[in-house]
Amino acid sequence: MSDATTLFNTDFLNLPLMAAAGLLLASTVAAVFSVRLGFSFLLVFLVGGMLAGEDGPGGMKFDDHRLSFVVGNIALAVILMDGGLRTRFATFRTGLQPSLWLATVGVLVCAAVTGAAAHWLLDLPWPMALLMGAIVGSTDAAAVFSLLKTSGVRLNERIEATLEIESGMNDPMAVFLTLALVGLVLATASTEGVPATGWSLALHWLEALALQFGLGLVLGVAVGFGLAALLNWLRAHSHPAAGVVGLVLLSAGLLLFAACGWLGGSGFLAVYVAGVLVGNRARKAVLPAMSIMDGYAWLAQAGMFLLLGLLATPTEVLRTLWPALGVSAVLMLVARPLSVWLCLAPLRYPVQEMAFISWVGLRGAVPIVLAVFPMMAGLPGAQVFFNVAFVVVLSSLLLQGASIAWAATRLQVALPAEEDEAGMRHILGDFELDAQLALAPLCAFYGLPAPAQSSQRTGDWMTEQLHRPPVVGDTLPIGHATLCVRRVDAEGRIETVGLRLHAGDDGDAA
């Protein structure tokens, strides 16, 4: 009997599974309570992994970078698929153009400025310093999607769309920059050297960038249309259970991610684009499975952050703590605000909105996953990339993630809840008017100075003066009053306008 028991001993499964499940359970419960205290849900999983690691009370030794890389990429694919499914076409009206600028030029500016800080603070050669900037240069979809879900803050459509679409689209640029600079560092260190001229190197990078983005976009669109058609057909003919639909979405997203990467394209871009198309073209078929996809995304985030926390060795991280904090400060206070201002100021974004978008440029698992690239490539001193990326992520989640509600209130970009009548009146005005009303009689009735274009309808005049797609919460001063956008239709036209009279002027207006 004892021999049989020994033969069929499954402790090799039970003990690791018990440890992993217990760690996940404890971290999840702690994360639920952490949200009440204002901390990011994901921060608890990252810290939980550190506590379970070899320098923490758990004492678990884990240094499998390849496994971390695999799990991180799979998790990001699931998160981006879920984020794409929740992105409505209507949000592209206000968020697509600024997000494209932030996901391309913004990432480049962040990488360059942060790289300069890394060169100065860490005494890294320029290629390695720029590689450091590329690793931490993009916002993280997992962190942003999670934060917007759990913060309880209601943002206007322009801010929310910009943050969500940017975080879903900037990973491909960060991955491309990281791979290109890893190749440059390896080529510089080898006897073969770099390509003959700067022009040939630039041309090579442009070709690679075109392949990554072009193939990712084409495959994402093709699979998105095809998967949407399949789900609509299944709904019409077999009425699959929500769990089956969720499994189809998950497996199709992972298949697309892997196939696109194998062909040389950006799997991150492909899976996000496909998710957007499926979520909009097969909305009724997908809707029952959204809670299941949400569960997949949360599991992916939790597992990824726990594993990355396990991979970190605090004693190693402490060796570069102060320079890493300096890099993080430059990224949060200089690089990100500068990139946001360069990209959004020409689009007439209000200063408060640019400041908020700058502060909510969260760094999450993506920089840590990208920091594994140099380690897998065998770059000398590659551990410093992981250590700095870990400090950047930890400080971002701790400072930026915990202060989103405070920042939104402080910068006056938060909208009140729809059931908060007093708050709605305070922000959107005491009087609600039809946007089709001509501006001239409105100005005459309230004693307001009539603009030169007062023959226009009020909504048309506001749209023209804003110089940007209007969203609920946009305001324009006019004399001793403020006009506020209260409701916008699906085509982006203002439907109703709020009027707020300045304090002490009610009698004059009457």
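Let's start at A452. This residue lies in the loop between α22, residues 439-446, and α23, residues 458-466. Buried or exposed? A452 is exposed, because its relative accessible area is 80%. Now look back along the chain to A440. A452 and A440 are twelve residues apart in sequence. In space, their C-alpha atoms are 9.6 Å apart. Keep in mind that this is a predicted model.

Next, backbone geometry. Take D123 first. Its phi is about 55 degrees, and D123 is not a glycine. Where is D123 found? In the loop between α5, residues 92-121, and α6, residues 126-135. D123 has 67% relative accessibility, so it counts as exposed.

Now Q412. Here phi is positive again, at about 60 degrees, and Q412 is not a glycine either. Q412 lies in the loop that runs between α20, 404-410, and β2, 414-415. Its relative accessibility is 70%, so Q412 counts as exposed.

On to a charged residue in the interior: D171. D171 is found in helix α9, which covers residues 171-189. It is buried, yet it has no salt bridge. Which side chain of opposite charge is nearest to D171? That is R363, and R363 is 9.2 Å away. So what does D171 touch? Leave aside its neighbours within four places in sequence. D171 is then in contact with L80, S138, T139, A141, F268 and V366.

Two packed helices are described by the angle between their axes and the distance between the axes. Here the pair is α4, residues 65-85, and α18, residues 365-377. They pack at an angle of about 145 degrees. Their axes are 10 Å apart. The crossing of α4 and α18 is left-handed. Which residues make the contact? From α4, H65, R66, F69, G72, N73 and L76. From α18, V366, V369, V372, F373, M375 and M376. By class, the contact has eight nonpolar residues, three polar and one charged.

Last topic, salt bridges. Side chains of opposite charge can pair when their charged atoms come close. How many salt bridges does the structure hold? There are 15.

One is E316 with R319. The closest N and O atoms of E316 and R319 are 3.3 Å apart. E316 is partly exposed, because its relative accessible area is 25%. R319 has 65% relative accessibility, so R319 counts as exposed.

Another is E491 with R493. The closest N and O atoms of E491 and R493 are 3.6 Å apart. E491 is exposed, and R493 is exposed too.

For R468 and D474, the closest N and O atoms are 3.3 Å apart. Salt bridges that share partners join R158, E353, R468 and D474 into one network.

D171 is buried and has no salt bridge.

That's the tour.

Key
Residues are numbered from 1 along each chain as its sequence is written. Side-chain values use heavy atoms; hydrogens and water are left out. Helices (H or I, at least four residues) and strands (E, at least two) are DSSP runs, numbered from the N terminus. Buried means under 20% relative accessible area, exposed over 50%, partly exposed in between (1.4 Å probe, protein chains only). Lys and Arg count as positive and Asp and Glu as negative; His and the chain ends are not counted. A salt bridge is a side-chain nitrogen of Lys or Arg within 4 Å of a carboxyl oxygen of Asp or Glu. Contact means heavy atoms within 4.5 Å. Axes are lines fitted to C-alpha atoms, for helices over the stretch in contact, and angles run from 0 to 180 degrees between N-to-C directions. A crossing is left-handed if the near helix is turned anticlockwise from the far one by less than a right angle, and right-handed if clockwise. Ala, Val, Leu, Ile, Met, Phe, Trp, Tyr, Cys and Pro count as nonpolar, Asp, Glu, Lys and Arg as charged, and the others, Gly among them, as polar.
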